[in-house]
Amino acid sequence: MLGLVILTIILVNPGAERRDEESAMKQRQAFARKASQSEAKEILELIRKKEQEYYADNGTYTKTLDELGIQLPPNANYSYTIERADKTTFVASAKGNIDNDPIEDFWIIDQTGKLRNIVNDLQN
């Protein structure tokens, strides 16, 4: 009897299963995009840490990731750059299109460790 009820529900509402699959797929995609943002935060924190070490040794911050010895993952979801650096400050950024729309997710971090999401691609 229970099998008949389930079969009846599926026959009466054949689109429900497809909607459930679409909903599950959207949830997986949202999770993957948030994981991409975690990548940006972690690598920017690494850049900050390496900049602090570089500053302790040289009395200035550097403008290149190579001088920090940072090797980015080959499949990184963002491009990372040091926007500016001098004797007192630096700003590093991460930019990436994590949902295939025209808008890029944009993060920055500075020498104080302040991490900001300037453009949140998940909200656009």
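Analyst: Let's start with E45, which forms a salt bridge with R48, the closest N and O atoms being 3.4 Å apart. The term here means a side-chain nitrogen of Lys or Arg within 4 Å of a carboxyl oxygen of Asp or Glu. Before going on, a word on the ground rules: this is a predicted model, so local features need pLDDT of at least 70 and side-chain atom pairs count only at pLDDT 80 or more, while totals for chains, interfaces and linings use all residues. Residues are numbered from 1 along each chain as its sequence is written, and side-chain values use heavy atoms, with hydrogens and water left out.

Back to the pair. E45 and R48 sit 3 residues apart in helix 2 (residues 15-58), which means they are separated by about one helical turn. Helices here are DSSP runs of H or I, at least four residues, and strands are runs of E, at least two, numbered from the N terminus. E45 is partly exposed at 31% relative accessibility, and R48 is partly exposed too, at 23%; buried would be under 20% relative accessible area and exposed over 50%, with partly exposed in between (1.4 Å probe, protein chains only).

Searching the whole structure gives 2 salt bridges. E53 and K50 also meet in one, at 3.9 Å from N to O. Those two likewise lie in helix 2, 3 residues apart, about one turn of the helix. E53 is partly exposed at 38%, and K50 is partly exposed at 26%.

Now the rings. There are 3 aromatic pairs in the whole structure. Y55 and Y61 make a stacked one, 4.6 Å centre to centre with 25° between the planes. Rings of Phe, Tyr and Trp (its six-membered ring) pair if their centres lie within 6.5 Å; planes under 30 degrees apart are stacked, over 60 edge-to-face, and the rest tilted. Y55 is partly exposed at 32%, whereas Y61 is buried at 8%. Ring pairs join Y55, Y61 and F90 into a cluster.

Finally, the sheet: 4 strands form an open one in the order 1-2-3-4, with antiparallel pairing. Strand 1 (79-85) and strand 4 (115-119) are at the edges with a single partner strand each, so one side of each has no neighbour in the sheet. Strand 2 (residues 90-96) and strand 3 (residues 105-110) pair over 6 bridges, where pairing takes at least two DSSP bridges between the strands. G96 has D105 in strand 3 as its bridge partner.
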